[in-house]
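Me: I would like to learn how to read the overall build of a model. Please take me through it feature by feature.

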Amino acid sequence: MLTKRIIPCLDIKDGRTVKGTNFVNLRDAGDPVALAAIYAEQGADELVFLDITATVDERKTLIELVRNVAHTINIPFTVGGGISSIADVSALLNAGADKISINSSAVRNPDLVNELALEFGSQCIVVAIDTRYVDGEHIVHTHGGRKPTPLRTIAWAKEVEERGAGEILLTSMDTDGTKAGFALELTAKISGDANIPVIASGGAGTMDHFVDVFTTGKADAGLAASIFHFKEIEIPALKGYLREKGIEMRL
Amino acid sequence: MKTVIIKYNAGNVQSVMYALERLGASYLLTDDETEIRSADKVIFPGVGEASTAMAYLREHGLDKLIPSLKQPVLGTCVGMQLMCRYSEENNTTCMGIFDIDVRRFPQTPGYKVPHTGWNNIHTLKGSLTEGLAENAYMYFVHSYAADVCPETTAVCDYVRPFSAMLHRDNFYAAQFHAEISGNEGQQILENFLNL
C-alpha cells in the first residue's frame with residue numbers, strides 16, 4: 001500500500017540551518033547536510049529545504065548545498081524559497097534536487113506553474129500555499145503569511161493542480177507554530193478534492209496530530225520542523241505509533 | 001568496470017549519477033553507440049512523456065541499439081515503460097523488449113494519479129532484489145504501469161497489481177526510482193552493478 005509520508009523541513013540561510021537543533025550526536029547543528037543524513041537514517045520519507053535568503057551570492061551557496069545533500073542522502077528532497085524562473089529550477093535540479101517548490105512567484109505569475117510543469121514535468125513541481133483564515137474565508141498569503149493576496153485558498157489549490165503542479169504543500173498560518181494540531185478541515189477539503197498529493201504543514205505538536213491529519217485531514221504527507229529538530233518527537237517513534245494506529249508507514 | 005547512462009531527452013538524471021557515485025561506480029553519460037556497446041553495464045533512465053521520448057530514440061537509432069545490447073541493461077521509470085511493447089500514453093509503440101503493455105491507472109475513488117510516494121514491492125524474484133525483504137518500500141512517481149506478466153520480478157499494488165520490476169535475459173527494469181529509494185533502492189543498484 002502507498003504510505004503516508006513524514007517530512008522534516010529545514011530552514012536554510014547562507015547555506016546553514018537556521019533554527020537550532022537538539023541533536024547531541026551532531027557536532028555542527030547548523031550543518032544541513034549532516035542533519036539531512038540523520039533524518040534520512042531515521043526513516044524520514046522525504047526532506048524539504050526552505051531557503052530564506054535571496055541574494056545572488058547566497059543562491060550560489062544554496063546550489064552548493066543542494067549538491068552536497070544530493071551526494072549524501074538517498075531519499076527524495078525538495079528545495080524551495082526565492083525560485084521564480086526556469087533558470088532557477090534548472091540550476092537546482094541539475095545540482096541534484098528531486099523537486100522544487102514555488103510560492104510567491106506562482107501567485108505573482110500563475111503561468112509559471114504551467115511553464116515549469118511543461119519544461120521539467122509535473123512530478124518535480126510543488127506549489128506551496130500559505131493560507132490564513134480572514135473574515136470567514138481562507139485566503140492565500142505570501143511573505144511568510146504576512147501579506148494577503150486576492151486569492152481564495154481552495155480555488156487556488158484547484159487552479160495550481162490544473163496548471164500542472166505535481167504536489168501541494170499547504171501551510172496554515174493559523175496553526176503554524178501553535179503546536180495545537182494541523183488545520184484539519186481545510187486540509188481535508190483540499191486533499192479530498194485534489195488528484196495530486198497534499199502535504200500538510202503547520203501546527204504539529206503531538207503524535208496524535210499526525211494521526212488526525214492522515215485520517216480526518218486526508219493528507220498524503222505531514223511536514224514539521226522544530227518538533228523534529230528539538231526531538232520533541234522522534235521520527236522512528238512517530239512512524240511506529242502511526243503504524244500501530246493503522247496508518248500505512250514505511251518502517 | 002564501465003557503466004554507461006544513456007543520454008536522451010529524458011529529464012533529470014542527476015540523482016542516478018549521484019547514486020552511482022555513492023556506490024563508488026564510475027559512469028559515463030552518453031548517446032554514442034560505440035561507448036554504449038562497449039560498456040559493462042547500461043542504465044536507461046527516463047522521466048517524462050513516452051511518445052516524445054520514443055520519437056527521440058527512433059531519430060537517433062537508439063530504438064534499434066538498445067534491444068540489440070548484450071550486456072546487462074537496467075531501464076528505470078519511463079525507461080522501463082519504453083522497453084515494453086506499447087504504452088497507452090499517447091498511443092506509443094515502444095521497443096518490445098518485454099512482452100507486456102503499459103496502461104494508465106484509471107480514475108478510481110481513493111487513488112490519486114500519479115501514484116506518488118513510497119509503496120511496497122512483493123513477490124520478489126531474481127538477482128536484483130537479492131538481500132531485500134519482501135514488502136521493501138520504494139519511491140514511485142508515475143501514471144502509467146506495465147501489467148503483471150511472466151517477466152515480472154516484483155509486484156506493486158496501486159489501483160491494480162502492476163509490474164514494479166521486469167527481467168528477461170540481460171534486460172532488467174524498475175518502475176520506481178531506486179536512486180532515491182533509501183538503502184533498499186541502493187541495494188538494487190548495487191546488485192545490478194554486481195551482475
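Me: What share of the 251 residues in chain A is buried?
Reply: A residue is buried if 20 or more other C-beta atoms lie within 10 Å of its own, exposed if 12 or fewer, and partly exposed in between, with C-beta atoms placed from the backbone. Here buried residues make up 51% of chain A. In chain B, 53% of the 195 residues count as buried.

Me: Which conventions apply?
Reply: The model is predicted: local features need pLDDT of at least 70, side-chain atom pairs count only at pLDDT 80 or more, and totals for chains, interfaces and linings use all residues. Residues are numbered from 1 along each chain as its sequence is written, while chains are lettered from A and ligands numbered from 1 in the order in which they are written.

Me: How many helices and strands does chain A have?
Reply: Count DSSP runs: helices are H or I, at least four residues, and strands are E, at least two, numbered from the N terminus. Chain A has 10 helices and 11 strands. Chain B has 6 helices and 13 strands.

Me: Why is chain A called as compact as a globular protein of its length?
Reply: Compare its radius of gyration, taken over C-alpha atoms, with the globule rule, 2.2 Å times the number of residues to the power 0.38. Chain A has 17 Å, close to the 18 Å that the rule gives for 251 residues, so it is as compact as a globular protein of that length.

Me: What box do the C-alpha atoms of chain A fill?
Reply: Roughly 45 × 45 × 35 Å, along the principal axes. The C-alpha trace of chain B spans about 50 × 35 × 30 Å.
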